[in-house]
Amino acid sequence: MLSKNQEIKSPRNVYGETLVELGAKNPNIVVLDADLSCSTQTCKFKNAYPERFFNCGIAEQDMMGTAAGLAYEGKTVFASTFAMFATARCLDQIRNTICYSKLNVKIVATHGGITVGEDGASHQALEDIAYMRSIPDMKVIIPSDCNEVKQVIEYAANTKGPMYIRIPRTNLKTIFSSEYKFNPNTGVKIRDGKDLTIVSNGETLIEVLNAAEKLHAVGIEADVLHYPVVKPFHHIALKESALKTKKVVVVENHSVIGGLGSAVCETLCHYAPSKVYRIGTKDTFGQSGEQRQLMEFYGLTDKKIYEKIIRFMDVK
Amino acid sequence: MKTFTNAVRQDILKMIHNAKSGHPGGAFSCVDILSVLYKKVMNVPIEWDKAIDFNQRDRFILSKGHASTALYAVLAHCGYFSKDLLKGFRMLGSKLQGHPSSRTKLPGIEVSTGSLGQGLSIGVGMALALRLDENKDSKVFVLMGDGEMQEGSVWESLMNANNQHLNNLVVIVDKNNLQIDGSTCDIKSLEPLDEKLKAFGFEVYSIDGHNYEQIEQTMIEVKKSTKLCAVIANTVKGKGVSFMENQAGWHGKAPNDEQLQKALEELNA
């Protein structure tokens, strides 16, 4: 399932290219953006099918409402902007108009998490998953490499209902081989261990895999679970792993409040009470910095994850 | 028409009285407009989604969702669903939710509204979709409250409608000049509203929102128009019941037994 060749690719390019491919097959697909089409790469769709692309300008509330209207008329709508503006700015429209009416709107938000980098706190969405996860009927997906981004976008185009898909600004290393098939109905075990369970998704999955390798070198064997679908949260893979290891670490490029870590805790307290350690940004805003520096500062690099897990494993 | 709207107004009051809550003031300011639209202007099949020409229907969005009783009562009196359902307004499990919900699949309800300032964007999206589908039969009518226009999102969508040259969209403003906390002018004035809408690229019509002939004539004209049109309907909040007229206090209050009787008598007279 894992790729041997760690190619580096832009998930935003893959998103734009996938939209163009889907748009050729399905004339019902329309795409909206809020003045960031060059950054989100929805401009690729605009260039291919200008009549099916609508730039709503710097007006995210209007974009989500317009997306809803198009969806009411049977269109499959992709609406994109940065994660910060695709969620908090228009949360009411997403809740009361898109989700309440179960509309076929796919919010594909780029620039999720701390790795937005130099733009700083105002542009670093660290709470978007928490917002989206709390709305009934919303599906939340955070793919981890470009192969998966493509499959998730295809899945979104072919599945009715509201979805929030978060992709990062940064380029992603290939994790999955071409045999990997995205399955929306389960968490995926991608490394087998017995001493602890590590759960992750998005950009941090590669860091977790590298950290697991370092742990292996000191005799700690980690089960690594990839949970691209944060909501609805499919508990079985997590439950089975946690019952075995009794220790769970969650790593995410998001606040420890309300994201994957919370989903894991909510699940485990019911199915397999375990000691859980959540690694993510604390209850704090981000700041400007170079992407890798920020990952280091907020403890999301493989090295930091490794160090934190070593300390966690000592806790009785 | 007067007989029809009187009967509808009576049912609106009975619904709100029965539910012990609801919004009579804003329902009464727009009920004449709704009645004329459904009876004389819009093409919306009574069989709703079972009609063969369902896709060709005109779309109606009640952006001021708190006036749901007006929409429910007009739809029931036009025959979209049984008047018996009106008794369930605001009751647990009812299709007649406090604010319109497309989730409950009540015939005649196009979209869910309630949180103000969102209906026009939905209308813009629908109008864009109709244009993409080359549906030239359908027009999208969006009814907003004037107070609702204090929401910034309304102005975002007005800009979008103009920018997209949407000539299949009609904006109607139920301008009753009152909102929960008092007069719209005192709280956050929208004036000069007609000039503002003109500046946003709209062909603006100002009418008496309780004059059936004026409503009908204007709505038929804007339905045919190839321009982006807005109709400012000057209305009276609580119109039809003397003690409710122009009283902000009747925005979201149910009449007691005595008030209901008095109001029904007035409407019967």
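A salt bridge is taken here as a side-chain nitrogen of Lys or Arg within 4 Å of a carboxyl oxygen of Asp or Glu. The structure is a predicted model, in which local features need pLDDT of at least 70 and side-chain atom pairs count only at pLDDT 80 or more, whereas totals for chains, interfaces and linings use all residues. Residues are numbered from 1 along each chain as its sequence is written, chains are lettered from A and ligands numbered from 1 in the order in which they are written, and side-chain values use heavy atoms, with hydrogens and water left out.

Over all chains, the structure holds 26 salt bridges. In chain B, B:Lys223 forms a salt bridge with B:Asp58, with 3.0 Å between the closest N and O atoms. This pair links distant parts of the chain, 165 residues apart: B:Lys223 belongs to helix α8 (residues 212-224) of chain B, and B:Asp58 to the loop between α2 and β1 of chain B. Helices (H or I, at least four residues) and strands (E, at least two) are DSSP runs, numbered from the N terminus. B:Asp58 is buried, at 1% relative accessibility, while B:Lys223 is partly exposed at 26%.

A further salt bridge of chain B joins the side chains of B:Arg57 and B:Glu110 at 2.6 Å, N to O. Here too the pair links distant parts of the chain, with B:Arg57 in the loop between α2 (24-41) and β1 (59-62) of chain B and B:Glu110 in the loop between α3 (68-78) and α4 (119-132) of chain B, 53 residues apart. B:Arg57 is buried at 6% relative accessibility, and B:Glu110 is buried at 9%.

In chain A, the side chains of A:Lys150 and A:Glu21 meet in a salt bridge of 2.6 Å, N to O. The two residues lie 129 residues apart and link distant parts of the chain, A:Lys150 in helix α8 (residues 146-157) of chain A and A:Glu21 in helix α1 (residues 11-25) of chain A. A:Lys150 is partly exposed, with a relative accessible area of 28%, and A:Glu21 is partly exposed at 39% relative accessibility.

The domain assignment divides chain A into domain 1 (8-173) and domain 2 (188-310); such bounds come from an automatic or database domain assignment. Taken over C-alpha atoms, the centres of domain 1 of chain A and domain 2 of chain A are separated by 25 Å. Their contact (heavy atoms within 4.5 Å) takes 32 residues from domain 1 of chain A and 33 residues from domain 2 of chain A. Between them, the two domains bury about 2,300 Å², 56% of it on carbon and sulfur atoms, where buried area is the accessible area (1.4 Å probe) that two parts lose on being put together, summed over both. Of the area that domain 1 of chain A buries against domain 2 of chain A, A:Ile114, A:Leu126 and A:Arg133 supply 29%, more than any other three residues.

The count between domain 1 of chain A and domain 2 of chain A is 1 salt bridge. A:Arg133 also meets A:Glu266 through their side chains in a salt bridge at 2.9 Å, N to O.

A:Lys231 is placed in strand β12 (residues 229-231) of chain A. A:Lys231 is buried yet has no salt bridge, the nearest side chain of opposite charge being that of A:Asp137, 7.2 Å away; for charge, Lys and Arg count as positive and Asp and Glu as negative, and His and the chain ends are not counted. The side chain of A:Lys231 instead reaches the backbone oxygen of A:Ile135 at 2.7 Å. Not counting residues up to four places away in sequence, A:Lys231 touches several residues, including A:Arg133, A:Ile135 and A:Asp137.

Notes
Buried < 20%, exposed > 50% of the residue type's maximum accessible area, 1.4 Å probe, protein only. Polar contact = N/O pair within 3.5 Å; in protein donor to acceptor, adjacent residues only side chain to side chain.
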